Amino acid sequence: MTVAEGGAAARESELHRLRETIARFVALDTVTGSRALYRTAVGEFRRGVRRLSRRGAGTVPADLAAALAELGEVAAWLCYDSEQQALSWRVSGQALPLARAAGDSAMTRFLLSHRSMQAAYLGRGRTALDLADRALAERPRSRRVTAMMRVRRARALGVLGDGGGALAELDRARAGLDGGVTADDPVWTWWLHDAELAAHEAEIRSVVGDVRGAVRASSAAVALLPAGQGRDQVLYRAARIDDLINAGAWSEAVEVTEEIIASPAAVGTERVPRMLRVSAGQAGRSRAPGLLLDALRHAAQIAGPPRPAPKTEEET
C-alpha cells in the first residue's frame, strides 16, 4: 500500500477515533488483561484496513496508516496474551507494511520486537534473534528502543542455550535505560522498566538452569512492579511460582499462589492459567506437598478453563 497525503475533516475524525480506540485498549489491558479484548481489537483493526483499502492506491494518508499500524500492534499483543498465537502472528504481519508505508520506523521496530518476543515464546530462538538483529542493524536513535531489542536478543539467546550471552545482552539493555522516556523515545516504551528487566532475567536464568538466580530475579520483578499494572501483578507471580518450585520453596510457592487466587486480575490473561497448570504438573513430579498442588489447581481453575497449546502461524 502506498501512502499519499489526503485531506480534511473525515481524515481527522478517523484519526481521532483510532487514537482513542488504541488508548482504550491499552488502558484496559494494563489493568484487566486481554481475555475480553482481543476479538474486539482484531475486529477494529480489520475494519480499519478495509476502510483504508477502499481509498485506493496512492490515497492513504500517512498518519492514518501509522495509527492503524499501531492498532494492529495492540491487537497482535492482545492475541498473544490470549494464547491466540497464529492470529497474533497474522495481525502483526498485516500491520508491518502499514507502518513501513507510513514511514513510521519506530512502529516498524515495535512490530519486529513483538514478533521476536513471540518467536522466543514459541521456542523459535533463531527467528527471534534474526528479527531483533534486523531492528538493531538500523541503529535506532532511541536508547529505549535499542534496549528493547537487546532484551529480545537476550531472550532469543536464552532459548538457543547461550545463557552467558543472554545475560550479557540483558546487561547492555539495562545500561541503555539510564533515565525515563525522553523526546527521542516512543511513548510506548514506558513499560521497559526495572521490573520488566528483572522478569526477563528470571526467565533467562530459569531456562539455563540457574535456579537460585531465577528466584532472586523473579522476587525483584514482583517487588519492583508498579501497582497499576494489574495484569502483570498476576503474570509475574505465576512466573515466580515456577522458580520457587524448582528451588523446592514449597511454603513460599503456596503464599504466592494464594495471592493469585485473591486477585481479580487472575482471569485477565490466558497465559496465567497455562503457566499455573504447567507449575502444577511440575509440582506433582517434584513430590511437592498436597497443599501446594491443591492451591495451584484451584488457582488454575479460577484463572480460566484449559485451552489448546499455542500454535505458530506455520502450524495452521
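The buried residues of helix α4 pack against α2, α3 (62-81), α5 and α6 (125-136). In this predicted model, those buried residues are Q85, A86, L87, S88, W89, V91, S92, A95, L96, L98 and A99. The protein chain around them has 14 helices and zero strands, and 53% of its 316 residues count as buried. Among contacts in the protein chain with a separation of 6 or more, residues 24 or more positions apart account for 72%.

- Helix α4 (residues 85-101) is built from 17 residues and reaches 25 Å from its first C-alpha to its last, close to the 24 Å expected at 1.5 Å a residue.
- Just after α4, the residue G103 takes a positive phi of about 75°.
- Helix α2 (residues 38-53), with 16 residues, reaches 22 Å between its first and last C-alpha, which is close to the 22 Å expected at 1.5 Å a residue.
- Within α2, the buried residues are Y38, A41, V42, G43, E44, F45, G48 and L52, and α2 is itself one of the helices against which the buried residues of α4 pack.

**Packing of α4 against α5**

- Two packed helices are described by the angle between their axes and the distance between the axes.
- For α4 and α5, the axes come within 9 Å and cross at roughly 160°; because angles over 145 degrees count as roughly antiparallel, the two helices α4 and α5 are roughly antiparallel to each other.
- The crossing of α4 and α5 is left-handed, and in it Q85, S88, W89, S92, G93, A95, L96, A99 and R100 of α4 meet M107, T108, L111, L112, H114, R115, Q118, A119 and Y121 of α5.
- By residue class, this contact of α4 with α5 divides into nine nonpolar, seven polar and two charged residues.

**Packing of α5 against α7**

- The axes of α5 and helix α7 (residues 143-159) come within 9 Å and cross at roughly 20°; because angles under 35 degrees count as roughly parallel, α5 and α7 are roughly parallel to each other.
- Helix α5 passes α7 in a left-handed crossing, where R109, F110, L112, S113, S116, M117 and A120 of α5 meet V145, M148, M149, R152, R155 and V159 of α7.
- The residues of this contact of α5 with α7 divide into eight nonpolar, two polar and three charged.
- Residue L112 of α5 is listed in the contact with α4 and also in the contact with α7.

- H114 has its place in helix α5, and because its relative accessibility is 2%, H114 counts as buried.
- Leaving out residues up to four places away in sequence, H114 touches E73, A76, W77, Y80, S88 and S92, and of these S88 and S92 are also among the buried residues of α4.
- F110 lies in helix α5 (residues 105-121), and F110 counts as buried because its relative accessibility is 10%.
- Apart from neighbours within four places in sequence, F110 is in contact with E73, M148, W188 and W191, so that E73 is listed for F110 as well as for H114.
- The C-alpha atoms of F110 and M148 are separated by 8.8 Å, although the two residues stand 38 residues apart along the chain.

Terms used
Residues numbered from 1 in each chain as written. Predicted model: local features only at pLDDT ≥ 70, side-chain atom pairs only at ≥ 80, totals over all residues. Heavy atoms only, no water. Helix = DSSP H or I, 4+ residues; strand = E, 2+ residues; numbered from the N terminus. Expected span 1.5 Å × (residues − 1). Buried < 20%, exposed > 50% of the residue type's maximum accessible area, 1.4 Å probe, protein only. Contact = heavy atoms within 4.5 Å. Axes fitted to C-alpha atoms, helices over the stretch in contact; angles between N-to-C directions. Parallel < 35°, antiparallel > 145°, perpendicular 65-115°, else oblique. Left-handed = near helix turned anticlockwise from the far one by under 90°. Nonpolar A, V, L, I, M, F, W, Y, C, P; charged D, E, K, R; others polar.
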